[in-house]
Amino acid sequence: MVSTPFHPDLLVEQLQAVAQPSRLAVLRLLARHEPFGLGAGDIARLIAVPHNTLSTHLAQLESAGLVRSRKDGRRMVYAMDRAAVTEMLEVLGRNLAPAGAQGPSMAIPALKEWQEGVPRYSVLVLCTHNSARSIMAEALINLEGRGRFRAFSAGSRPRGVVDPEALRLLTSLGYDTAGLHSKSWHAFAEAPRMDFVITVCDAAAGEKCPRWQGHPLVVHWGIADPLEAGVSDAERREALRNAYRQLSSRVAAFVNLPIERMGLDRLRTELQVIGRLEGATAKAMAQEVA
């Protein structure tokens with residue numbers, strides 16, 4: 001295969017495009033949603049940036065050739081150009097491209113929606129108080145799961161109310177928060193079969209939980225409690241936003257797994273790896289990956 005000529009000006013433009021936190025977050029998000037891509041509204045919500053600011057970031061990434069766009073009805077869909085990113089990394093000598101990435105894909109395929117006959121999965125997300133992290137994860141999975149997943153959340157010692165700042169954050173990002181409420185995990189002990197049980201706080205992961213129906217796959221995605229961060233309201237709001245971003249990266253990786261084609265052992269391993277993404281607690285990092 002003939003190497004593409006090296007263009008220093010293009011490389012500089014590409015590096016400038018990714019040398020900014022929000023644009024780097026966009027590229028990382030689109031990497032998790034290959035090859036289908038995401039609409040601009042979904043990107044803005046998942047990385048928590050205003051729509052007008054996101055437009056500028058997307059334009060710079062597209063100008064640098066790292067992102068492609070296509071029209072899908074009335075909306076624009078954006079996807080990472082794997083070949084361009086691979087070439088940039090190879091030029092830098094890092095050779096971080098996944099095996100088998102060959103040449104550019106000129107088309108961005110449409111996202112496959114849920115269809116009759118395809119399994120739906122039930123997910124229960126747990127933390128101690130069921131007031132912030134598990135609530136945000138429930139909202140994320142229900143929206144990003146696009147009909148394939150139905151999520152619930154609960155706590156071992158629920159506060160009984162959802163944190164107001166968590167609700168404000170979710171509302172500002174376009175989530176329907178009407179059905180979100182804090183409740184005990186005992187409410188699900190006799191519930192219909194759960195396929196996955198995910199703990200998002202270390203305390204809940206260490207507690208003796210009810211016996212779940214259906215022998216679900218249980219995994220730990222521990223992240224720090226944002227409600228215990230800092231001393232000011234501004235610090236806690238930023239901690240909540242960071243926790244949301246950490247959860248969104250995990251949920252994006254989870255809902256895009258080809259679960260129907262995966263054996264139990266491989267699925268467990270993939271979920272454990274997801275639990276060790278950025279922001280993982282020491283307990284989550286210490287769990288042995290099968």
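Of the contacts in the protein with a separation of 6 or more, 66% are between residues 24 or more positions apart, where contact means heavy atoms within 4.5 Å. The model is predicted, and for this reason local features need pLDDT of at least 70, side-chain atom pairs count only at pLDDT 80 or more, and totals for chains, interfaces and linings use all residues. Residues are numbered from 1 along each chain as its sequence is written, and side-chain values use heavy atoms, with hydrogens and water left out. The protein has eleven helices and seven strands; these are DSSP runs numbered from the N terminus, helices being H or I with at least four residues and strands E with at least two. Of the 290 residues, 46% are buried. Buried denotes a relative accessible area under 20%, exposed over 50%, and partly exposed a value in between (1.4 Å probe, protein chains only).

Eight aromatic pairs are present in the structure. Rings of Phe, Tyr and Trp (its six-membered ring) pair if their centres lie within 6.5 Å; planes under 30 degrees apart count as stacked, over 60 as edge-to-face and the rest as tilted. The ring centres of tyrosine 121 and phenylalanine 149 are 5.6 Å apart with the planes at 35°, so this pair is tilted. It links distant parts of the chain, since tyrosine 121 belongs to strand E4 (residues 121–127) and phenylalanine 149 to strand E5 (residues 149–155), 28 residues apart. Tyrosine 121 and phenylalanine 149 are both buried. For tyrosine 121 and phenylalanine 196, the centres are 6.0 Å apart and the planes are at 65°, so the pair is edge-to-face. Here too distant parts of the chain are linked: phenylalanine 196 is in strand E6 (residues 196–199), 75 residues from tyrosine 121 in E4. Phenylalanine 196 is buried, as is tyrosine 121. One aromatic cluster is formed by Tyr121, Phe149, Phe196, Trp221 and Phe254.

Aspartate 195 is located in the loop between helix H7 (164–172) and E6. This residue is buried, with a relative accessible area of 17%. Neighbours within four places in sequence aside, aspartate 195 is in contact with Arg120, Tyr121, Ser122, Pro216 and Leu217. The side chains of aspartate 195 and arginine 193 are joined by a polar contact of 3.1 Å. A polar contact is a pair of N or O atoms within 3.5 Å; within protein, one must be able to donate a hydrogen and the other to accept it, and residues adjacent in sequence count only if both atoms are side-chain atoms.

Arginine 236 lies in helix H9 (residues 233–255) and is partly exposed, with a relative accessible area of 26%. Its side chain makes a polar contact of 3.1 Å with the side chain of aspartate 233. Residues up to four places away in sequence not being counted, arginine 236 touches Pro226, Leu227, Ala229, Gly230 and Val231. The C-alpha atoms of arginine 236 and glutamate 165 are separated by 8.6 Å, the two residues being 71 residues apart along the chain.

Glutamate 165 also takes part in the capping of H7: a side-chain oxygen of aspartate 163, at the N-terminal end of the helix, lies 3.1 Å from the backbone nitrogen of glutamate 165. The buried residues of H7 are Ala166, Leu169 and Leu170. Viewed down the helix axis, they fall within an arc of 95°, so they line one face of H7; the arc is that of the directions from the helix axis to the C-beta atoms. An α-helix has 3.6 residues a turn, so residues three or four places apart point the same way. The cover over the buried residues of H7 includes helix H6 (133–144) and H9. Just after H7, glycine 174 adopts a positive phi of about 95°.

In helix H1 (residues 8–18), Leu11, Gln14, Ala17 and Val18 are buried. They cover an arc of only 120° around the axis, which puts them on the same side of H1. Among the elements covering them are helix H2 (21–32), helix H4 (51–63) and helix H5 (82–91).

An open sheet is formed by three strands in the order E1-E3-E2, with antiparallel pairing; two strands pair if DSSP finds at least two bridges between them. Strand E1 (38–39) and strand E2 (67–72) stand at the edges with a single partner strand each, so one side of each has no neighbour in the sheet. E1 and strand E3 (residues 75–80) run antiparallel and are joined by two bridges. Leucine 38 stands opposite tyrosine 78 in E3. H2 lies across E1, E2 and E3 and runs at about 85° to E3, where axes are lines fitted to C-alpha atoms, for helices over the stretch in contact, and angles run from 0 to 180 degrees between N-to-C directions.
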